[in-house]
Amino acid sequence: MIPLPLARIAEITSGALTGMADPRAVVRGPVVIDSRAVEPGSLFVAIKGARVDGHDYAAQAIRAGAVAVLATRPVEGPAVIVPDAAAALAELATAQAAALPGVTVIGVTGSAGKTSTKDLLARLTARVGPTIAPVGSFNNELGHPLTVLRADLDTRFMVLELAARNIGHIKDLTRIAPPQIGVVLNVGTAHLGVFGGKEAIAKAKGELVEALPRTGVAVLNADDPLVRAMASRTDARVTFFGRGESASIRAEGVTVDARGRASFTLRTPSGSAPVSLQLYGEHAVDNALAAAAAGYELGLPVATIAAELSQATPLSRWRMEVTDRADGVTVVNDAYNANPDSMRAAFAAFEVLGRGRRRFAVIAALRELGEEGPALNAELGRLAGGSGLAGLIVAGPDAGPVLEGARAAAAQAQAAAQAALDAQAAAHAAAGGPQAPVPHQDPPQGWHGPSPDQGWHGPAQDQGWHGPSPEQGVPPQGWQAPPAGGPVPGHPPVGGPPMGAAPYGGAPAGPHPGGPVAGAPPGGGAAYPAQAMRIVHVPDAEAAAAELAGWLRPGDAVLVKGPRAMGLERTAELVLGGAAQ
């Protein structure tokens with residue numbers, strides 16, 4: 001921050017100095033609301049929350065080196081006493097931003113993707129000059145001014161994330177640091193119950209472009225009709241990004257690799273360049289395009305933009321973090337927050353990343369959806385239940401609609417799979433096909449067959465073919481693949497485990513997505529029952545991790561995603577061995 005004496009801070013905030021505060025003492029920053037983040041020269045802002053009162057930590061902050069405390073009542077140590085600490089923080093940040101006329105302020109908003117886009121854009125602006133951007137999602141009435149107060153006389157760019165929980169919130173944030181460029185990503189269903197409808201959400205998000213000066217630029221998503229319509233709400237110049245021909249900054253030829261990372265050609269009015277993202281999920285293309293459009297407006301060459309986007313790695317925690325355990329289990333931790341739109345994007349990315357493997361998901365009921373909550377949560381359940389998972393864990397309260405939707409979709413998918421199996425078996429029988437594999441013939445890689453209470457299971461992962469020998473015909477009822485080091489491939493244990501017994505290793509058996517529909521051995525034969533998805537409800541994140549521990553086998557993949565209040569990042573941490581991420 002720009003160094004300020006306490007007397008000037010008191011003047012800006014209309015506060016009073018108490019506790020033997022020296023008006024000449026200089027605050028050099030940082031300004032913090034967490035006493036653990038205090039450094040020598042800090043200003044500690046005492047915020048009274050629902051569970052914690054910052055005033056109780058004032059003395060600790062002073063001992064750690066804070067020059068003073070911005071507080072609403074006298075505390076132990078020097079302080080600036082104000083009527084409202086949050087309002088005073090905003091006033092201080094407004095004064096600081098006004099003292100930095102050479103800074104270009106870029107605001108980013110949208111229902112989903114704000115943080116990822118902010119991270120990408122801050123990387124681009126850093127190529128031009130010193131940049132300040134929020135850590136994680138500092139995007140509300142506290143995080144926003146705290147980010148602004150990190151700027152100093154050397155700062156060239158501030159890339160700010162703006163969130164809204166009601167009409168007027170973004171307008172208030174733009175008064176603190178008036179933007180010259182405003183980026184609007186999308187209008188989705190996050191906080192739908194708070195706003196009352198998508199039109200109200202669009203009204204709130206559009207406050208960003210309304211705050212732009214005539215000399216500014218509105219960067220709008222051409223693929224979202226509600227965002228595109230915001231062009232009429234600003235006097236600033238408008239540039240569109242998207243995937244259609246109407247967007248001046250667009251992606252062409254999008255492809256996705258086996259890990260779910262997208263590549264495309266970035267097309268601009270002055271040329272094109274290839275981009276290969278290291279971020280996971282095809283939805284990252286839209287975030288990259290938004291950042292590219294803002295960077296292009298700043299004058300960055302398209303080749304530079306493409307190179308920076310291709311080198312960018314995830315910065316903010318718990319957003320499509322992909323980690324591989326030593327045993328090959330892949331954990332996708334996207335648990336920072338969730339809404340219907342981000343859930344669809346996460347499942348789409350997970351389907352690609354987990355292709356050819358047993359996939360599991362841990363989710364929770366979505367919140368703040370108002371009267372549409374039950375219907376949208378049932379839709380979430382149908383999304384999960386119809387996504388080809390081997391198992392689904394729903395954690396936390398209000399899970400009824402999610403479970404109901406998941407079970408209905410899973411039953412429908414199982415019925416369709418069984419019908420396909422019956423048709424396949426009938427076709428084989430009509431053609432006189434073999435009833436069992438020929439000796440030592442390998443089935444399609446990764447095939448596992450039905451669950452333990454339904455009969456035969458096929459091979460274990462990476463162990464080759466473990467089906468019956470030709471003289472034995474179809475496998476015995478209840479037979480499963482042997483564990484590593486078991487019988488010679490092609491010769492199951494005599495009799496196999498009893499019908500309904502748990503599979504080796506304790507994990508629920510199921511087909512590997514990408515292989516044939518589970519049920520019939522490769523090469524034809526009888527149609528065994530199609531695999532049923534295991535669906536369970538647990539109370540919390542820890543219970544979800546404990547349940548997963550009994551399911552996972554080497555090479556599986558897990559998606560963890562839910563609303564912030566559920567804290568499902570803890571599930572991912574435990575599955576990864578309990579280490580902090």
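**Salt bridges and packing in a predicted model**

With a relative accessibility of 8%, Glu308 counts as buried (under 20% relative accessible area; exposed is over 50% and partly exposed in between, with a 1.4 Å probe and protein chains only). The model is predicted, so to speak of local features a pLDDT of at least 70 is needed, side-chain atom pairs count only at pLDDT 80 or more, and totals for chains, interfaces and linings use all residues. Residues are numbered from 1 along each chain as its sequence is written, and side-chain values use heavy atoms, leaving out hydrogens and water.

The protein has 17 helices and 22 strands (DSSP runs numbered from the N terminus: H or I of at least four residues for helices, E of at least two for strands). Of its 581 residues, 54% count as buried. Among contacts in the protein with a separation of 6 or more, 64% come from residues 24 or more positions apart (contact means heavy atoms within 4.5 Å).

Charged pairs come next. The structure holds 27 salt bridges (a side-chain nitrogen of Lys or Arg within 4 Å of a carboxyl oxygen of Asp or Glu). One of them joins the side chains of Arg123 and Glu308, at 2.7 Å from N to O. This pair links distant parts of the chain, with Arg123 in helix 4 (residues 114-125) and Glu308 in helix 12 (residues 302-311), 185 residues apart.

Another salt bridge connects Arg259 with Asp324, whose closest N and O atoms are 3.0 Å apart. Here too, distant parts of the chain are linked: Arg259 sits in the loop between strand 14 (249-256) and strand 15 (261-268), Asp324 belongs to strand 17 (residues 321-324), and 65 residues separate the two. Asp324 is partly exposed, at 42% relative accessibility. Glu569 and Arg564 form a further salt bridge, with 3.1 Å between the closest N and O atoms. Of this pair, Glu569 is buried at 10% relative accessibility, and Arg564 is partly exposed at 32%. Elsewhere, Glu245, Arg250, Glu252 and Arg267 are linked in a network of salt bridges.

Glu161 is buried yet has no salt bridge, and the nearest side chain of opposite charge, Lys118, is 4.4 Å away (Lys and Arg count as positive, Asp and Glu as negative; His and the chain ends are not counted). What the side chain of Glu161 does make is a polar contact of 2.9 Å with the side chain of Thr115 (a pair of N or O atoms within 3.5 Å; within protein, one must be able to donate a hydrogen and the other to accept it, and residues adjacent in sequence count only if both atoms are side-chain atoms). A second polar contact, of 2.8 Å, joins Glu161 to the side chain of Asn139. Leaving aside neighbours within four places in sequence, the residues in contact with Glu161 include Val108, Pro134, Phe138 and His144.

Helix 13 (residues 340-353) and helix 14 (residues 373-385) pack at an angle of about 0°, with axes 11 Å apart (axes are lines fitted to C-alpha atoms, for helices over the stretch in contact, and angles run from 0 to 180 degrees between N-to-C directions). Helix 13 is therefore roughly parallel to helix 14 (an angle under 35 degrees). Pro340, Met343, Arg344 and Phe347 of helix 13 make the contact with Leu376, Glu379, Leu380, Leu383 and Ala384 of helix 14.

Note on methods:
Angles under 35 degrees count as roughly parallel, over 145 as roughly antiparallel, 65 to 115 as roughly perpendicular and the rest as oblique.
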